[in-house]
Amino acid sequence: MLLVALYSFLVGIGILWALFIAKTHRMKKMTVNIPGPKMLPIIGNVLEVGSTSPEFLQYCELMQKKYPKICRVWFLQHLAVFINNTEDCKTLLTDTNLLDKGQFYKCMESFFGKGLVTETGVKWMQNRKCIAPNFNVSVFKSNVQIFNKHIYAMLNKLSQHVGGQEFDIYPFLLHQAINISLAITMGKEPEESLTWDILELLEREKDSVVRRILRPWFEYDFLYWNSKIGRMETKYLEMWAKKLNEVNSDKTKDREEAPNMSPVILKLLQELKENKLCTDQYINGEIHTLIVGGSDTSATGLAFTSWLLSRHPHIQDRVVQELQQIFGDSDRPATYEDLQQMQYLEMVLKESMRMYPPIPLVGRKLTQDYKIGDYVIPAGANLLFYIKGIQNDPRYFPEPHKFDPDRFLRENAKDRDPLSYIPFSYGPRICVGQKQGMFSMKTAMSGLLRRYKLLPGTIPLSLDYKVNLISSTGITVRLAER
């Protein structure tokens, strides 16, 4: 019996080995001339990447610097090709035949479902076409009222830190951003404790996603969902669904101050379902996408901007001067028209996102062989675009580590390749909510700077990858009354 079991095990290993060779042989043969680090048999470059998210981020940085145009890396049976130059980025990101997201997005499907982030093909194009028009000027104008309400609530909470020690500003910014996203998407205001519960679950879920990305063998659902990490994620997902149901239940209070602001996107998704264009699973995934995507990225952008302004007081003063020209001595909330006048603040936000893009890495997957320059990349390859590295190219941004918002003056930016700055990605799959995100950030930062001075802390940044870009040491500042 023992011999039979051993024989069966060896046969199984042999079959898996044969499948592995069959899957990778052609791809390895086609990519032999693409530059990249040396590989070990079977495992490729897995050991170089590391097992933690900071190590992964550092590896992306290394590949971008060492191979400024293109390089190939193997993660077990998965081929990843880093596209590190703007010329090839333009070709690939604008090709309407390259809409499939990279392999690592599969790790996000359990959380996002088949929504705008992960969906592909005709289904994605159909739903994107329906959703995009709802991010329009009339919606932006009505949402400014929501932005102001939650931003002023955050400013009141920050008062406890005035004149005190340095503190991590990111959780405060994320809390208000989550509240804004919930109000806009669901049309209701969650209780305070519920928002904090959602925030905690969001951080746990992102951690699970990244840990799965960094363990290529967890591509196989059977292995992942039966692992300790997978069982924990199952628990988080159940809790997340329960919390969202609470948000949409009668236990939450309706937004009485703005009854005219209905959850436009949620209604649209329900209409899609009625027209048999999407399922309950899609709607839930899209709600998750809109809540998380509309909050995490803007909070990240605001936190890094706060950190940079605290260390560049002359730039902070220029923003305040612009705000004084718009508001004078008034403490009234910002309007849509006010936000349009904040041109220098917008340049500051853009420069911050150039240096610290909220989403530092995006990916695509090839469904057919693709010639790019002197190389032919085989079907099945994952294309990786390390946005943070691309946006620090000294050809387009001299002294790239210098914080200089004047890079985005019209005369300085007019001849610059648009692919040198892609914090919201580019092409057909560019972020659908980028304009709303910018309005939200301008509202928050203008409110913050009209009330407080941002002063530097002492704790340096330690960049980390949790789907979005964060600092594992916090993004710390000090506050003083203005």
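Residues are numbered from 1 along each chain as its sequence is written. Because the model is predicted, local features need pLDDT of at least 70 and side-chain atom pairs count only at pLDDT 80 or more, while totals for chains, interfaces and linings use all residues, and side-chain values rest on heavy atoms, without hydrogens or water.

**The sheet and its helices**

Strands are DSSP runs of E with at least two residues, and helices are runs of H or I with at least four, numbered from the N terminus; two strands pair if DSSP finds at least two bridges between them. S6 joins S9 (residues 382-386) in the antiparallel sense through five bridges, and lysine 365 stands opposite asparagine 382 in S9.

**A ring pair from H3**

Which strand holds the tyrosine that pairs with phenylalanine 56 of H3? Tyrosine 465 lies in strand S11 (residues 463-466), so the pair ties together parts that are 409 residues apart in sequence. The ring centres are 5.5 Å apart and the planes stand at 50°, so the pair is tilted. Rings of Phe, Tyr and Trp (its six-membered ring) pair with centres within 6.5 Å; planes under 30 degrees apart are stacked, over 60 edge-to-face, and the rest tilted. Phenylalanine 56 is buried at 6% relative accessibility, and tyrosine 465 is buried at 2%. Buried means under 20% relative accessible area, exposed over 50%, and partly exposed in between (1.4 Å probe, protein chains only).

**Charges over rings**

Here NZ of Lys or CZ of Arg must be within 6 Å of the ring centre and within 35 degrees of the ring normal.

| Charged residue | Ring | Distance from ring centre |
|---|---|---|
| Arginine 212 | Tyrosine 224 | 4.1 Å |
| Arginine 450 | Phenylalanine 327 | 3.6 Å |

Tyr224 also belongs to an aromatic cluster with Trp217, Phe218 and Trp225.
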